[in-house]
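My entries follow in the order I made them.

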Amino acid sequence: MSDRLCPRDEAEVVETIRWAVSQGRTLDVAGSRSKAALGRHIQTDVTLELSALSGVTLYEPEELVLSAKAGTRVAEIEALVAASNQMLAFEPMDFGPLLGQPAGGGTLGGLMACNLAGPRRPSAGAARDHALGLRAVSGRGEAFKAGGRVVKNVTGYDLPRGLAGSHGTFAAFTELTIKVLPRPETVETLLILGLDDAAAAGAMSAAVGSYYDVSGAAHVPADIAALMPAVAGIGKSVTALRLEGVQPSILHRRGKLEALLGPRGELSFLDAVASLAFWRALRDVEPFALPDGGNLDTARAIWRVSVAPMQGSAIGAVVREAGARCFYDWAGGLVWIEMPAAEPHAGLVRGAVAAAGGGQSGGHATLIRASAPARAAQDVFQPLDPITGALVRRMKDGFDPARVLSPGRMYAGV
């Protein structure tokens, strides 16, 4: 990409996209480019950089609603809402460290374009579940808005949710409105030590299926736990169960979980400070982080696999035989895999998902980190079935018939 255009407002975004349509040019839609290496490797004529569209335009803590321009840094938003004891409940992941970029660079538009969510995803939902409204510009060069500032405004086609996760291939976001929620008073983490992957899956299933409001459940094998400062000194695998709320409630629930899970293994716990550090490191996949400025072409390939929780350990067993390392979030339903070298071995990973039953239950594998040639040569996202593929192509035809916006970022021809 030889050129870069940085519009200062929505009107200039409209003008830029109309120019691209009229000239037959293609645009790579970007914010701060912290996730430029995510998705299929594509070649476009110009980068449409939206980082100048920045700033919070509305924040009403009492109404639990916030609006900001698409280029606003997520770190800025999190700091703002934290000052009012509120949070982004879906815990958006920071992809920077995993992709060799500085931490804290992600934008609100990029967050919603990738539909990012962290450990609280099973209980709080994904980013799309917290989207109330948006302003955007389609690949036709038409500005539009959808949704509003309260949930009841979302009627008809729910475009704020529908466009989340589209990676800039349908429209360029210019402003987004999201829900915020109160931040828990404190947090503790109950640990079960020394479990293997399959036993951990059973323990996490029992915990999240209980009445004790577990807001995060993860399993980290000993070799990876050794890389996480909050639990590095334990020397064993760690199965972590997060409890949030007021202190008396946490103590009560922790006691009940200890009675429930004590027979499964040795118990320990993390206090509030260590808990925050542990879950942040887990959220951002810090054990697999690439040093700032690291070489993506030689870095170990990273996969993100989402399956039914009890299937995760079976996938882990397969990839470990090939020399990979992995750990589990979402009570076992999210498997982060670091391959032993730069070669992604897509057939191995996707074969493991299919063999574990993921192909029948909606499981999918996404290649998160790999060299540009590897990302250009194969499917980065889970291949679409014929019906879903037809729907995605129809959406592309409706929003971007000239294939101007990030063409091929998710799927070839889309």
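How much space lies in the largest cavity? I read off about 360 Å³ for the largest cavity. I note that the model is predicted, and every value below is computed from that model.

**Entry 1, cavity**

I looked for cavities of 30 Å³ or more and found one. I listed 25 residues in its lining, and those nearest the centre of the cavity are Val29, Ala30, Gly31, Gly110 and Ala113. I then asked which elements take part. Strand 2 (27–30), helix 3 (108–114) and strand 9 (171–179) each supply at least two residues of the lining. Helix 3 gives the most, with four residues. I sorted the lining of the largest cavity by class and got 11 nonpolar, 10 polar and four charged residues.

I turned to the open spaces. The largest pocket holds about 1200 Å³ of space. I found 49 residues lining the largest pocket, with Asn115, Arg128, Gly165, His364 and Met410 nearest its centre. Two or more lining residues come from each of helix 4 (121–124), helix 9 (272–283), strand 15 (302–306), strand 17 (334–338), strand 18 (364–369) and helix 14 (386–399). Helix 14 gives the most to this lining, with four residues. By class I recorded 28 nonpolar, 15 polar and six charged residues for the largest pocket.

I noted a volume of about 520 Å³ for the second largest pocket. Its lining has 21 residues, and Met87, Arg120, Arg183, Leu276 and Arg280 are the closest to its centre. The elements giving two or more residues to this lining are helix 2 (74–82), strand 6 (86–87), strand 11 (186–193), strand 13 (238–245) and helix 9. Which element gives the most to the lining of the second largest pocket? I found that helix 9 does, with six residues. The classes in this lining are nine nonpolar, three polar and nine charged residues.

I counted 87 residues in the largest nonpolar core, where Val305, Trp336 and Ile337 have the most contacts inside the core. Apart from that core I found another, of 15 residues, among them Ile192, Ala203, Ala207 and Ala331. I then looked up the partners of Val305. Setting aside residues up to four places away in sequence, Val305 touches Ile315, Gly333, Leu334, Val335, Ile337, Val349, Val353, His364 and Ala365.

I placed threonine 239 in strand 13. Is threonine 239 buried or exposed? I put threonine 239 down as buried, because its relative accessible area is 0% and the cut-off for buried is under 20%. Its side chain makes a polar contact with the side chain of histidine 219, at 2.9 Å. Leaving aside neighbours within four places in sequence, I listed Leu190, Leu191, Ile192, Leu195, Ala200, Met204, Ala218 and His219 as contacts of threonine 239.

I found proline 401 in the segment after helix 14. I put proline 401 down as partly exposed, because its relative accessible area is 40%, between the cut-offs of 20% and 50%. With neighbours within four places in sequence left aside, proline 401 is in contact with Arg140 and Lys396. I also checked a distance: the C-alpha atoms of proline 401 and alanine 75 are separated by 35 Å, and these residues are 326 residues apart along the chain.

Key: Residues numbered from 1 in each chain as written. Predicted model: local features only at pLDDT ≥ 70, side-chain atom pairs only at ≥ 80, totals over all residues. Heavy atoms only, no water. Core = buried A, V, L, I, M, F, W, Y, C linked by side-chain atoms within 4.5 Å. Buried < 20%, exposed > 50% of the residue type's maximum accessible area, 1.4 Å probe, protein only. Contact = heavy atoms within 4.5 Å. 1 Å grid on protein atoms, 1.4 Å probe; cavity = no way out; pocket = protein on both sides within 12 Å on 5 of 7 lines; lining within 4 Å. Points joined across faces, edges and corners; volume = space filled by probe spheres on them. Nonpolar A, V, L, I, M, F, W, Y, C, P; charged D, E, K, R; others polar. Polar contact = N/O pair within 3.5 Å; in protein donor to acceptor, adjacent residues only side chain to side chain.
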